[in-house]
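This report describes one chain of a structure and the contact that it makes with a second chain. The sequence and the coordinates come first.

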Amino acid sequence: MNGKHRLSAASSPHICSPFGTRSLMLDVLIALIPALCMAVYFYGPRALILTAISVGGCEFMEFAYRRLMKKSNTLGDLSAAITGVLLAFVCPVTLPYWIILIGDFFAIIVVKQLFGGLGKNFLNPALAAHAFLMLCYPIPMTTWAKPLEWPGLGISVPGAVTCAAPLSAEFMGSGILPDASLGDMFVGNIGGCLGEVSALMLIIGGAYLLIRGVIRVRIPLAFIGTVAALTFLFPQGNGHLRWMLYSLLGGSLMLGAFFMATDYVTSPVTAGGELFFGVGCGLFTVLIRYFGSYPDGVSHAILIMNSTVCLLDKAGMPARFGVAAGRRKAFWKKFRAGGKGEDAS
Amino acid sequence: MKHTFYGGIHPAEHKETTARKPVAPLSKAPSQVVIPLSMQPDSPCRLIVKVGEKVAAGQQIGQADGPGAPIHASVSGKVAAVEPRPYAGGGSRMSVVIENDFQDTLSPGCTPRSSWEALTPQELVDIIKSAGITGMGGAGVPTHHKLSAALGKADTLILNGAECEPYITADHRLMLEQGEKVLGGARILMRALGLDKATIGVEGNKLDAVEHLKNLLPTGETGICIRTLRTRYPQGGEKQLIQRITGRKVPPGGVSADVGCCVFNAGTAAAVYNAVVLGLPLTHRIVTVTGDAVARPKNLMVPLGTSFSHLIEEAGGFVMDPARVISGGPMMGTAQHDLSVTTDKTTNAVLCLAAGDLPAPQREQVCLRCGRCVDVCPMRLAPLYIHMYTQRQLWRRVEDLHAMDCMECGCCQYICPARIPLLQSLRTSKFEIAHRKGAEA
């Protein structure tokens, strides 16, 4: 029998799970579809075109950079497509197309590829690009189209019917509830960025990701829970519960909690780290909303927490199996010693 | 109080192929058996027969002077050679080759005992030792060692009927067909340890075995308790099973006895029964021969030292090209390149995977930091960080992350969406750390 067969020898394990990088990313894209559909319903085909341009832009930047730098083509992992969709989701539908391409450039080239590509960037590319666009183009980035009044499809739409978003200087920024009902807030019949308005669809997408096991519940739960607790305890008028619900449904909280803060690359891997991360995101969101100059703090809160991930992972490292007490102490001792005595041989 | 173990995965079970097939004897006895002199690493037996000598089945052929267990001839016949032969665990080992005379003459020492209840614990341990019984599930630790180490320390006896690896049904069939031997072995082990309670943990994918064992227990039985465990790999890991059943956690570098537990495989318990009641040393075991590449997967009662190629012929031979032949299960088993290797006391399966069963060869991708490896690690390690530091050869950091606690269950590598060989990194780091420790000492 020997010699007749070509047996491959490899070390165990000999089987692997059917879920690969690509299938996980595909699941995220699928989970974003409901919110996109709602955006098209409220803001018309321009929402779809803007998203498509953003995706195309991201894919092109990724392809061109990897090609120029003679690196492997990574379009197949679909991560650039997700960045494209997410960036479009945090922009107003009236945004001129060329601005979102600048955002794509910043997200893919500056934030992602210059740091080494997928898995190496420490900031969420879409959110970093959003922050960059907010700095460079504050007016177009905060011009909200009125829902159901579909803006034109031109490169820029100066005559679009606009309205104020619930989270803005006019409304919740100054402690006044917007005139939209809670139901409108929930379905997304409000002004705002094209993908963030429909809490309902984002929750459906988030639930899909949770059920498929793509994301874990810890970060969204800690994030939303912290915002809920803080806004309930410290409302800026209009009753505890009402203020809390408006705070949860306004702005990009749901989008951020389910799709941005859970970005694998820029969130902690340890359970403790994830909880800290979620709580931190929630805390900074409320602090920026209450005391900052931006009406919505979600994206900046996540960016701030992104930069602490390495520390959170260390702090959240699970207790060693079979050793319970005294471990934290030992960790902080080692931490303060700053990893001295490192051998790099 | 319900406990659970950390992490774990649930790969496709593939047990249905052989779960309903009764254990069959070999249709054709092997013409020769090759029995390695050392079934435990570093403790070879001293040969006590000569080349050319006739041996009977069950006759002792190797004396354990060190910490190992003695070995016995599994068939009767003539000692043809004593030479290094390829070993299923890797490399080659000095082995006794016995030409089968197909007489199956039983050694005169193998006589049943009328009763064992009057034997003292020490006498029981001696019988178990002389029968050459070792753990039949995983590492193959000699059973008398575990018993001596646990004597006086253990307050809980656990029998491991989890059989959490995919494909394997050897213990499942054993519990179904020889349930009374498993329970009898449990009672003997209880007496040897001076305990009046034992728990048998069986995974929920073997409910028929649970039902059968429960029916075998006399009404009002309080000593032996059968627990159904939710199917999850690696439930059969000793530390995991202890954690699952008692909630206790074996400290790093410790053994089960440190937390008052003593764990034996269900197969080991049956072997103990055979030794103490029937007077038979450990010479046979159940092996599941399975996988898409063989024609008729089955459970076989196999004399130790039967070659893999013989077992594959018993299962109807290959129907398609085997891509990989594994001794053991797909998670922790060892891939073989030579089918003349033979079964030993721990070989629970010969798994012949066709190319379609193996994951498609795929290039390793970059780590996404998805954290799945951390989530599934039953020892609560962070494999992605250990991998990262191993690649940079920062061994002290790797040690700080407790890489030595890794038991190589393979969950991290199974779950990794980027197909990173995490377990290989862990093995490398464990080797380096141990090597450095050795150099310092």
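In chain B, three strands form an open sheet in the order 3-5-6, with antiparallel pairing. Strand 3 (46-47) and strand 6 (71-72) of chain B are the edge strands, each with a single partner, so one side of each has no neighbour in the sheet. Strand 5 (residues 60-63) of chain B pairs with strand 6 of chain B in the antiparallel sense over two bridges. Q60(B) has H72(B), in strand 6 of chain B, as its bridge partner. Strands pair here if DSSP finds at least two bridges between them. Helices (H or I, at least four residues) and strands (E, at least two) are DSSP runs numbered from the N terminus.

The model is predicted: local features need pLDDT of at least 70 and side-chain atom pairs count only at pLDDT 80 or more, while totals for chains, interfaces and linings use all residues. Residues are numbered from 1 along each chain as its sequence is written, and chains are lettered from A and ligands numbered from 1 in the order in which they are written.

Strand 9 (residues 156-161) and strand 12 of chain B run parallel and are joined by five bridges. In this pairing, I158(B) is opposite V263(B) of strand 12. Five of the five residues of strand 12 (residues 261-265) of chain B are buried, that is, 20 or more other C-beta atoms, placed from the backbone, lie within 10 Å of the residue's own. Burial applies to both faces of strand 12 of chain B: C261(B), V263(B) and N265(B) lie on one side, C262(B) and F264(B) on the other.

| Property of chain B | Value |
|---|---|
| Secondary structure | 14 helices and 17 strands |
| Box of C-alpha atoms along the principal axes | roughly 65 × 50 × 50 Å |
| Buried residues | 57% of 441 residues |
| Contacts between residues 24 or more positions apart | 72% of the contacts with a separation of 6 or more |

Contacts are residue pairs whose C-beta atoms, placed from the backbone, lie within 7 Å.

The contact between the chains takes 53 residues from chain B and 37 residues from chain A. On the chain B side, strand 15 (322-327), strand 16 (334-336), helix 12 (395-400), helix 13 (411-415) and helix 14 (422-440) each supply at least two residues. Strand 15 of chain B gives the largest share, five residues.

Technical notes: Contact = placed C-beta atoms within 7 Å. Buried ≥ 20, exposed ≤ 12 C-beta atoms within 10 Å, placed from the backbone.
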